[in-house]
Protein chains: 2
Amino acid sequence: MGPATAAGPTVVGERRRIRAEVLAARAAGRRIGFVPTMGALHAGHASLAARAAEECDDVVVSIFVNPTQFGPGEDFDRYPRDLRADADLLARAGVRWIYAPDAGDIYPPGDATRVVVAGPALGFEGAARPGHFDGVATVVCRLFAAVPADRAYFGAKDWQQTLVVRRMVADLGLPIELVVCATVREPDGLAMSSRNAYLAPDDRRRACGLAESLERAARLWSEGADVPTIERDMRGAIEARGIAVDYAAVVAAESLAPVADGEDAVALVAGRLGTTRLIDNRLLPARGGRAGPRRDREGGA
Amino acid sequence: MGPATAAGPTVVGERRRIRAEVLAARAAGRRIGFVPTMGALHAGHASLAARAAEECDDVVVSIFVNPTQFGPGEDFDRYPRDLRADADLLARAGVRWIYAPDAGDIYPPGDATRVVVAGPALGFEGAARPGHFDGVATVVCRLFAAVPADRAYFGAKDWQQTLVVRRMVADLGLPIELVVCATVREPDGLAMSSRNAYLAPDDRRRACGLAESLERAARLWSEGADVPTIERDMRGAIEARGIAVDYAAVVAAESLAPVADGEDAVALVAGRLGTTRLIDNRLLPARGGRAGPRRDREGGA
């Protein structure tokens, strides 16, 4: 580990140019990995870049704080930006290109096009942040056009986002493979997030309540508890840390619909500490089998 | 001219396969032209395919009656479909591939993604046919992913559609060049359209009123008439043929906004004959210069 060297990533600002670079590398037989980010990079992003570097010949990381995925009153203006520190981290990860466009490169003058996803974008973050996933789908569609990579890497921490992007890629028929990587955590369990930097020290100590609630959910799930019981327990664990709960839910992992027997589930939580909003989640592997009795009836009142 | 030969186009039903074919041809250095259609092909489509064949090494024509661009109560069910006749016409035009997908190939199970364009999609056809251009943008985005051609060919007859597609391509950064080709007309001036087949003989005779109104508009425009005068004249000419006018307008050709001095204009008309709705348009080259007097003030009341 050290500072960026002369062999660090090439920073490219124009989509036309990054596209040409990626296509030339692919034409030369190289496999390209792409990690879209909003910068303020942490160990979670580094793990995505490392996985991409492991599986691909060249890695592109985009750094773009996308205005269209922030709602009015959200933290677009104060969102942390430090391209120099980000470039150092990516140099150490062996990244070849940083695509760091201006807003005008992604949203040209007169821009009037949005990509809108329903389905997995409804509810949870979609309900808490109206327009958020339209902004995500819109920017990711543009980034995938600018960076025609073989694979794109996303963190499981934004679980619903991975479902929205996967839905868009399937529906539009975009020629890219998605790879979802495990959430990286602080020693006390807090999921890595650029927004953790907002937390005052006392709030930072209490923020682990989200991860604690997910640990408890995983244990209860494996013990056979029913969904309402697990959700009540999660909510209690989060509130016990002084976090205002936005939602604490156990739903089907792929559809976010009510979970059926034999289906993988996901526990999703969102909460607020002061002006900072944090989310986290944990996959709960399918329990019971399709052939087994319906647990929801067994446990019904 | 003759029936399709054994060397006629290859019909491909899956986006994965047409994409692979096009990419392989491009990798071999061939230039690919693409003509998206809804089938029921006529001389207008043939002229697009011929232009594509002239400028490119291989031509793909897609035939897909796209359900999402029809509104409730529109003519999706009765829209003419005749793949055999279409294939014969395209064989004579030297087309290499016909991409004729099922709805499920374009709209996979669980589909939840729409591409929505504002700007040039507002007003005129966008107002008369709510959701129409969302359907157009959604399907063209998918078709461009399935058929990664160098150039795509559209008819000027659907002028507003060409603006919507151009806006989407610019905004999403899609790597395809658009070519807009002149409208092909019947001897009496009626613009070629698959919907002309709906017209009863008497309505067919009266349908030339749309083209007549555009002829008159072009003459008045070149003589310096103001926009309201031209619009009144067009409306009168259309109604004189017993056509119910949806709109008859002269606007800026690129934005569909009120036309300014020194700007290219377009005359747009839409009307109904019985249950058949027809549209047409004519470009009106810029008159006066930026340095000239403001005609709208000169002619003002």
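In the predicted model, Ala249(A) lies opposite Leu268(A), a residue of β9(A). The two strands concerned, β8(A) and β9(A), the latter spanning residues 265–273, are paired in the antiparallel sense through eight bridges. They belong to an open sheet of three strands in chain A, with the order β8-β9-β10 and antiparallel pairing. The edges of this sheet are formed by β8 (244–252) and β10 (276–284) of chain A, each of which pairs on one side only. On average, and with direction ignored, neighbouring strands of the sheet are turned by 10° against each other. Helix α10 of chain A, residues 227–240, packs on the sheet and touches both β8 and β9 of chain A. The direction of α10 makes about 155° with that of β8(A).

Chain A is divided into two domains, domain 1 covering residues 10–181 and domain 2 covering residues 194–298. The C-alpha centres of domain 1 and domain 2 of chain A are 26 Å apart. To the contact between them, domain 1 of chain A contributes 13 residues and domain 2 of chain A contributes 13 residues. On the side of domain 1 of chain A that touches domain 2 of chain A, the elements giving two or more residues are α5 (125–128) and α7 (159–172) of chain A. The largest share of that side, three residues, is supplied by α7(A). By class, the side of domain 1 of chain A facing this contact comprises eight nonpolar, three polar and two charged residues.

The relation between the two chains was examined next. Chain B is superposed on chain A by a rotation of 180° with 0.0 Å of shift along the axis, at an RMSD of 0.0 Å. This is therefore the relation of a two-fold axis. Within chain B, the C-alpha nearest the axis belongs to Val115(B), at 2.3 Å from it. The same surface serves both copies, since 100% of the contact residues of chain B recur in chain A.

Strand β5 of chain A, residues 113–117, is joined to β5(B) by five bridges, and the two strands run antiparallel. Overall, 25 residues of chain B are in contact with 25 residues of chain A. The side of chain B that touches chain A receives at least two residues from each of α1 (15–27), β5 (113–117), α6 (132–146) and α7 (159–172) of chain B. That side of chain B has 14 nonpolar, four polar and seven charged residues.

Strand β2 of chain B, residues 32–37, provides an example of an enclosed element. Six of its six residues are buried, and β2(B) is therefore largely enclosed by the rest of the structure. Both faces of the strand share in this burial: Ile32(B), Phe34(B) and Pro36(B) point one way from β2(B), while Gly33(B), Val35(B) and Thr37(B) point the other way, and all are buried. Six bridges connect β2(B) with strand β3 of chain B, residues 58–63, and these strands run parallel. Within this pairing, Thr37(B) has Ile63(B) of β3(B) as its bridge partner.

Notes: Residues numbered from 1 in each chain as written. Chains lettered and ligands numbered in written order. Predicted model: local features only at pLDDT ≥ 70, side-chain atom pairs only at ≥ 80, totals over all residues. Pairing = 2+ DSSP bridges. Helix = DSSP H or I, 4+ residues; strand = E, 2+ residues; numbered from the N terminus. Axes fitted to C-alpha atoms, helices over the stretch in contact; angles between N-to-C directions. Contact = placed C-beta atoms within 7 Å. Nonpolar A, V, L, I, M, F, W, Y, C, P; charged D, E, K, R; others polar. Least-squares fit on C-alpha atoms with pLDDT ≥ 70 in both. Domains from an automatic or database assignment. Buried ≥ 20, exposed ≤ 12 C-beta atoms within 10 Å, placed from the backbone.
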